[in-house]
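Trainee: Before I use this structure, I would like to know what stands behind the terms used for it. Please take me through them one at a time.

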Amino acid sequence: MIITKKKSFSKILECLQERGQIYLFGCNSCAEQCETGGEREVKEMVALLEKQGKKVTGSSIPDETCYSMLIKKHFRENKEAIAETDAFLVLACGAGVKAVADAAGDAQPVFPALDSLYLANVTRYGHFFEGCSLCGDCVLGETGGICPHTLCPKGLLNGPCGGMANGKCEVNMENDCVWIVIYRRLKAQGRLDVLKKIAPPKDYSNSIKPRMLVVESRAKK
Ligand code: SF4
Ligand code: SF4
């Protein structure tokens, strides 16, 4: 899931400036779980904006705000309120903001209320951990399912570096060096021979942006 954090309200007001008729979008998926864009946060935002003299023309909390088709449906279903709107404020990740901006078209401005941070595993309810940076060239088969590109602050694909001390990372001594964690896991699997191979430099051509995917079998439906 995508982790988000709230922007400060003063920054949001700065973006909205003279805009007085605001329509809000939340997100009932990742942002709801981060407590940044669910029903409660949308209600809180409505109250804050109204206190500043803004009119909230309406709000939607789609199941997934990154789902562009769903956003278009919300636009159709709320067209009267949206016709009175002079700006949208989106409490969702950047993909959600883009989906709303595309549906709004060129004339109506769209502003993010959140900052998008990273892709995370949910380790426990309310606990999130960054485990993958979506590099497009996955090496986890050689690293025991642990990502050095993400978990080593230097992104080293051959480690550990010379700064590792007593199994800890020189960048943050609170953390285990990820290469020691990888070593222990591969040892437990009887696969230490994997570490004898020097990993080649990452192929960044796999992550040239923007990336796009069409799943042909689904696209035909
Ligand atoms: S190697 Fe790349 S794709 Fe694989 S987990 Fe790490 S960042 Fe994600
Ligand atoms: S100590 Fe380990 S995790 Fe930290 S920067 Fe060096 S190789 Fe990366």
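Mentor: Start with pairing: two strands pair if DSSP finds at least two bridges between them. Helices (H or I, at least four residues) and strands (E, at least two) are themselves DSSP runs, numbered from the N terminus. This is a predicted model, in which local features need pLDDT of at least 70, side-chain atom pairs count only at pLDDT 80 or more, and totals for chains, interfaces and linings use all residues. Residues are numbered from 1 along each chain as its sequence is written, and chains are lettered from A and ligands numbered from 1 in the order in which they are written.

Trainee: What makes β4 and β5 a pair?

Mentor: Three bridges join β4 (residues 87–90) to β5, and the definition asks for at least two. The two strands run parallel. F88 has V110 in β5 as its bridge partner.

Trainee: Why are β3 and β5 said to stand at the edges?

Mentor: The open sheet has four strands in the order β3-β2-β4-β5, with parallel pairing. β3 (55–60) and β5 (110–112) each have a single partner strand, so one side of each lacks a neighbour in the sheet. From one strand to the next, the twist averages 25°.

Trainee: What does the angle between α6 and β5 say about their directions?

Mentor: Axes are lines fitted to C-alpha atoms, for helices over the stretch in contact (C-beta atoms, placed from the backbone, within 7 Å). Angles run from 0 to 180 degrees between N-to-C directions. Helix α6 (residues 94–104) lies across β2 (21–25), β4 and β5, and runs at about 175° to β5.

Trainee: How do you know whether L186 is buried, exposed or partly exposed?

Mentor: Count other C-beta atoms, placed from the backbone, within 10 Å of its own: 20 or more is buried, 12 or fewer is exposed, and in between is partly exposed. L186 has 18 such neighbours, so it counts as partly exposed. L186 is found in helix α8 (residues 178–188). Leaving out residues up to four places away in sequence, L186 touches G144, R191, L192, V194 and L195.

Methods. Two residues are in contact if their C-beta atoms, placed from the backbone, lie within 7 Å.
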